[in-house]
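Here is a short briefing on one protein model. Keep the sequence and the 3D view open as you read.

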Amino acid sequence: MPQDSSPRQRQLSAVFATLEGGGRAQRVEDRIIGGISAGILLDGERLPSEAELATSMGVATVTAREALVALRSRGLVATRRGREGGTFITLPDGDRSALLFARLAGLSRVELRDMGIHYAAICSTAAELAALNADAEDAAGIRRILDAEPGAAVPGVTVGNFLLELAALSQSARLTREHVRLHTDFGSLLWLAHADPDFDADMLELCRRIVDAVTARDPARARGLVNDYIRAGVVWLIEAKAVRGPAPGTTIDRSNP
């Protein structure tokens, strides 16, 4: 059965999870920027206090403070005093594409492919296990995610939530946690591809075929289709780098990877 926590709650936990190997301010800053880029931390959302952030991420309070100062200097957070004060995410137009394109520009083709392979390994294994373990009710649940009213969700969010719920159906807590972490790290880049209406429509249809495979208890097909999705996303991202970052909504030719 799917986990009790929502996809968003799981993603928030990943953003504020303990940093392995101790922490420096840059790593805290990068993690929060990753959360903003992934659409997990939204404009106006209040961050935990410095002390809470430090405890959650396993760093010193001064390190958390340094990270917030750096984020403030970049205009990504603002701190307000008073009873309702705190530190809040500031992304006034809600457009995180600039952050994502900046991150994409900093990755080489080799790094992109490597991240895609890692993401595909986790996602496809989760899909395979979901096809083996899910019952009819589970399959109906993930189909409902895809059948949300068109335009009701930001492009990419529907497929992202679908994959998170699919991972939960694997019945492996470790696999699900790794999927959530990778979704924040790499999966968020696929939002750029989903801003291409053709890509988004094709991938939503592909996800419906994944549900069919899960319903038919066909693990090999579920695994293969998830790999197809991520491969298409990596091709789109590499093409986007080649044309030096098209604006969201630009159609990329995916016929010649």
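In helix α8, the buried residues are Thr158, Val159, Gly160, Phe162, Leu163, Leu164, Glu165, Leu166, Ala167 and Ala168. Buried means under 20% relative accessible area, exposed means over 50%, and partly exposed lies in between (1.4 Å probe, protein chains only). Helices (H or I, at least four residues) and strands (E, at least two) are DSSP runs, numbered from the N terminus.

The model is predicted: local features need pLDDT of at least 70, side-chain atom pairs count only at pLDDT 80 or more, and totals for chains, interfaces and linings use all residues. Residues are numbered from 1 along each chain as its sequence is written, and side-chain values use heavy atoms, with hydrogens and water left out.

**Helix α8**

- α8 is mostly covered, with 10 of its 12 residues buried.
- The expected span of a helix is 1.5 Å times one less than its number of residues.
- For the 12 residues of α8 that gives 16 Å, and its end C-alpha atoms are 16 Å apart, so the two agree.
- Which residues does Phe162 touch, leaving aside its neighbours within four places in sequence? Phe162 is in contact (heavy atoms within 4.5 Å) with Ile142, Ile145, Leu146, Cys207, Ile210 and Val211.

**Nonpolar cores**

- A nonpolar core is a set of buried Ala, Val, Leu, Ile, Met, Phe, Trp, Tyr and Cys residues joined through side-chain atoms within 4.5 Å.
- The largest one has 52 residues; Phe162, Leu166, Phe186, Tyr229, Ile230 and Leu237 touch the most other members.
- Helices that each supply at least two residues of this core include α5 (97-105), α6 (109-133), α7 (136-146), α8 (157-168), α9 (173-185), α10 (190-194), α11 (197-215) and α12 (219-242).
- The largest share, 11 residues, comes from α12.
- Another core lies apart from this one; it has 25 residues, among them Ile36, Leu41, Leu47 and Leu53.

**Ala232 in helix α12**

- Ala232 lies in α12 and is buried, with a relative accessible area of 16%.
- Ala232 and Leu190 are 42 residues apart along the chain, and their C-alpha atoms are separated by 9.7 Å.

**The β hairpin**

- Two strands pair if DSSP finds at least two bridges between them.
- Strands β1 (residues 77-80) and β2 (residues 86-89) run antiparallel, joined by four bridges.
- Val77 stands opposite Ile89 in β2.
- The two strands form a hairpin with five residues between them, and Gly82 in the turn has a positive phi of about 105°.

**Loops with positive phi**

- Gln171 sits in the loop between α8 and α9. Its phi is positive, about 65°, although Gln171 is not a glycine.
- Is Gln171 buried or exposed? Gln171 is exposed, with a relative accessible area of 52%.
- Arg217 sits in the loop between α11 and α12. Arg217 is not a glycine, yet has a positive phi of about 55°.
- Arg217 is partly exposed, with a relative accessible area of 48%.

**The largest pocket**

- On a 1 Å grid over the protein atoms alone, a pocket is an open set of points where a 1.4 Å probe fits, with protein on both sides within 12 Å along at least five of seven lines; lining residues have an atom within 4 Å of a point.
- The largest pocket holds about 940 Å³ of space. Points are joined across faces, edges and corners, and the volume is the space filled by probe spheres set on them.
- Of its 29 lining residues, Ala14, Arg31, Arg181, Thr184 and Asp185 are the closest to its centre.
- The elements giving two or more lining residues are α1 (7-15), α2 (25-37), α5 and α9.
- The largest share of the lining, eight residues, comes from α9.
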